[in-house]
Amino acid sequence: ETRVGASGVINYSYLGNLQVADKNTVEIEQEITRLLRDGYLVNPSVNVSVLEYRPFFINGEVRDPGSYSYQPGLTLSRAIALAGGLTDRASSRKMYVRNAKSRDEEARVDMSYRVAPGDVININEGFF
């Protein structure tokens, strides 16, 4: 077991530092298998799974803003439900996400947006 830090690098015995950020589990398995086959093992068997994802954050006009555990396949609609739903003053059109990759830029999203680990969601107030 290992934790992937902000750099996206893990240290693997025999192989040293491996860049795993922006790769899925199958890609990581294939890379480790290839590297182990190259001089270390005859027929390596590698299994990679994610035990825990970074949380996402939801702020603004939701009933219970804060940090929540990420779940694969999570949409903005489900994230809002986890946060207790929208308040009476929430705008259904002014929803923004700042993801972990582009920390400075917010993008307007709709309810079908796929939330990623580390996303910061802001639900703005609507004016009637």
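Which residues does Gly66 touch, not counting residues up to four places away in sequence?

1. Gly66 touches Phe56, Phe57 and Ile58 on that count, where contact means heavy atoms within 4.5 Å. Gly66 sits in strand S4 (residues 66-68); strands are DSSP runs (E, at least two residues) and helices likewise (H or I, at least four), numbered from the N terminus. Phe56 is 10 residues from Gly66 in sequence and 8.5 Å away in space, C-alpha to C-alpha.

2. A word on the source: this is a predicted model, in which local features need pLDDT of at least 70, side-chain atom pairs count only at pLDDT 80 or more, and totals for chains, interfaces and linings use all residues. Residues are numbered from 1 along each chain as its sequence is written, and side-chain values use heavy atoms, with hydrogens and water left out.

3. Phe56 and Ile58 turn up again in the largest nonpolar core, which has 17 residues, and they are among those with the most contacts inside it, along with Ile80, Ile121 and Ile123. Such a core is a set of buried Ala, Val, Leu, Ile, Met, Phe, Trp, Tyr and Cys residues joined through side-chain atoms within 4.5 Å; buried means under 20% relative accessible area (1.4 Å probe, protein chains only). At least two residues each come from strand S3 (56-60), helix H2 (76-82), strand S5 (90-98) and strand S7 (120-125).

4. Do look at Glu61, in the loop between S3 and S4. Ile123 is one of its contacts beyond four places in sequence. The Glu61 side chain also makes a polar contact with that of Thr87 (2.7 Å), meaning a donor and acceptor pair of N or O atoms within 3.5 Å, with residues adjacent in sequence counting only if both atoms are side-chain atoms.

Note on methods:
Buried means under 20% relative accessible area, exposed over 50%, partly exposed in between (1.4 Å probe, protein chains only).
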